[in-house]
Amino acid sequence: MNIFFKTKHTKLVLRCYPKSQASEHKPNSSELSYLCYYGFTRPNKLRKVGLFLERKLSKDVYRRKQGDIIVSLYICKALIERCHKDLNLYAANIVNILNSVLRSGDVEAIEHSIDCFTSFISHHNGLILSSDENYAKQFNILITAFVDFAMAQSGPKMTRYRLVGMQAAQAITSSEAIQNSNLLYLTAKIIPGILHNLQHKNEDFLLRFQSKTENFHTTENHIDPVPYTNQAINEDDQSEDELNEILALENLKRIYEINDGAHIKNATLALISHIRSLTKNKSIINWAVTLITMITRWTHVQYRYIILIITVEILESLPDKDIPSKEYFLLTSLIHALLSSNVNLIGLSVMDIIHALTGKIIGQIKELDTPNTARLSKVILSKRSYLVEGNIIEGHKFNSEQREFFISELIHCLGALATHIYYRDQITDMTASFLNCLRPFSNASSASANEVRIGKLLALAAVREIFVIVNLKCNQSGVSRSRVSLNIWNYTAVVLKDSDPILRLEYISVLTTFLNIEFNSPDEESLYSFNTSKTSFSSYLQSLYSYIYIYFLLSNNTETDYQAIQYLLFILTEKFGLKETIRLIPVILRLQQFIDEENINLSSQQKSTILSIIIWYMIIVSKKINNQKLFEKVNEEMNKRKLDKSWPDFITLHPSFMPSSICSPQPLSKTITPSKPFLNKEEIINILVLYTPKFPENAKKYITETWTPESSLILEDFSRSDPLVGMDSVNYKKHLSPSNSLSQIALNQEEIPQNHIYSLKASSLKRTLTEPNINNIKTSFDFSKNKLNKFKSSDKFIQKDADKFDQNTIQKIDMNKLLDNISLKALSNSKKHSISACAPYA
């Protein structure tokens, strides 16, 4: 070629091409050095150099001159590395050159283009993308072409194309310039190509090759991966497909090692979007779970929570009306895997996740065709057995079945939140957010009765999952947590009188699980320090006793119900010791008295069962207080009933209750013969007092008092705002879960007029604090320091009158007159006094 009549930059470029057709295509080194110096010292000439190279390479591609194409790529790489500060001047020419090479179909030339592309992407700052629309379009075409190579199908040349695509992805992920805001979208574009080289492998492959990628890194100076990986193939006798897979894992790791939150967000959106598209063809849940766990571990600890947040947001965006498909189960499996793994998600808002997942549960409940608590409870207790690989919901063609499986998955995800502790009161807050929907604040106007029951059942299931997981798994967060208090169950025992037996049994199952594995038992105190001036260990226990009494008398009770009640009584005596055992005696004696009434709507089998449980409880009492006389008497009666076949077989000294029995309650045996009460109240009390060593006098007074359910269902504490006593909705919502929580189903807090608050409290007080319950007044006010100098029943009773009482005169107060004269001022001044509280009057 005659170059004497060419311009200088044209001459310099053409002199770089070797005249001989050597087997190794490389430019003339001295001429190339001068060309680079020329461009470096005269930046204004770089545009002309780039344009000439672009035109020459286009002609060489058309003429299939492979040697000149490869030399042109070497020249471009050298110019980029020497004149990278002015790269934007000729970046468009480089992009067009690379696009021409990729379109040529010459595999060898395409493989050589990787070095040029690597140098280009490592020095590209992305600023020109926002200013030159045509350049941005060509640049996107280039990236898309490399991604298409990475996603090429199997075959001899296709394997080499996929390797080119993976090496291009490695160039992108290894470049520091990728963190520029204008280039962040590149990671989202290359994610599909990376996953294409991994999707046909199972989770074992990912775990096996993860260790290989640990030693496969690039340094600050770029290292060509081809020689390294070829060496790996020779040493391990691996195929080229496995080489692509190693590169794919390495590229994925580089993407998530970038210390940038926006980058992690874009990459995760692309990753999950591609994984979702794969569910249409095959079941990939286990593979996806392993992959998402790996990339979360690679991510910087302060950004790991973003992966979970993105996954939850995508799940939220799926419509509730659609029948849950594999895509739904894939996302819940990813969420469950992240929450239950040993990867710490610092910065995660636990309550936000709860609100998002419970919002999804509510949407699914409303779409259930036939809500069924028994079937749903069985699904939840199946421990995700329906997620067996390759057998996910294909065999279930009914809408409700698929939704129940999906709801169960969401419940398990909520429980998995307890795997890591991020702040001290996390478990308490989580538990409270679910127990809120059990409280009888108001009726839900927008939900049916079945939906309300389903909501309560799922709330209880989530609480059980939380307690089980937090006590079985080691806390890897390094944050100590506080134990959940018994008072968190306040106002929830009302569930025990629900008409749905499944819900009642579930409540006892969750409560006993809490008492067994979460609750710290109080120190055992001697019976001889029994003090009737103190109420029960917890206000919750007082209301629980009343609802147990009511539960005993429900006409639809089955054998499973009585098993649950007996087990609950057993756990209460074991956990709360001697004092609470004694406090239950008046309840048991009152129950027997009620059973003997003729108008009670219970079958003879139910009556015999209740009487047998009463005898069993008195055996427990005799052992607790070491009263041999009482033991002999009740034991004799038990043996007599066993001979008469009026003693149910399931009542044993050490009862048990399995959660699996909730789903299918067993009816009472019809072979149980009728029986009559035998325990005489006065006789039992005499035996307790006379044959128990040093039985205290105040305990005697306590058990001789007439107990009624209303005496334990006393008014709530005035010293705190609570919706049960008319808390205004504004303040209440500050403590309640947001509207998209499970509480929304059972709780629809209504506005309560301020003037109604006090009348509600006063009327409730009159109803509950009656003459037999005067001890409630004694324990509510500290009268030990007060003296009554003057008090007239006709006077208004206000706060200052509390200072006029003493223990001697309290007995003489006419309770009706006192209650009639309670002023609103006394009730509203909650900071100065408080009336002790229990559950609401049922």
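Reply: Helices (H or I, at least four residues) and strands (E, at least two) are DSSP runs, numbered from the N terminus. By that count the protein chain has 37 helices and 0 strands. The model is predicted: local features need pLDDT of at least 70, side-chain atom pairs count only at pLDDT 80 or more, and totals for chains, interfaces and linings use all residues. Residues are numbered from 1 along each chain as its sequence is written, and side-chain values use heavy atoms, with hydrogens and water left out.

Of the 842 residues in the protein chain, 55% are buried (under 20% relative accessible area, 1.4 Å probe, protein chains only). Contact means heavy atoms within 4.5 Å. Among contacts with a separation of 6 or more, 80% join residues 24 or more positions apart.

Now the residue: Glu559. It lies in helix 24, which covers residues 559-583. Glu559 is buried, yet it has no salt bridge. A salt bridge here is a side-chain nitrogen of Lys or Arg within 4 Å of a carboxyl oxygen of Asp or Glu. Lys and Arg count as positive, Asp and Glu as negative; His and the chain ends are not counted. For Glu559, the nearest side chain of opposite charge is Lys670, 13 Å away.

What does Glu559 touch? Leaving out residues up to four places away in sequence, Glu559 touches Phe650, Gln666, Pro667, Leu668 and Ser669.

How values were computed:
Buried means under 20% relative accessible area, exposed over 50%, partly exposed in between (1.4 Å probe, protein chains only).
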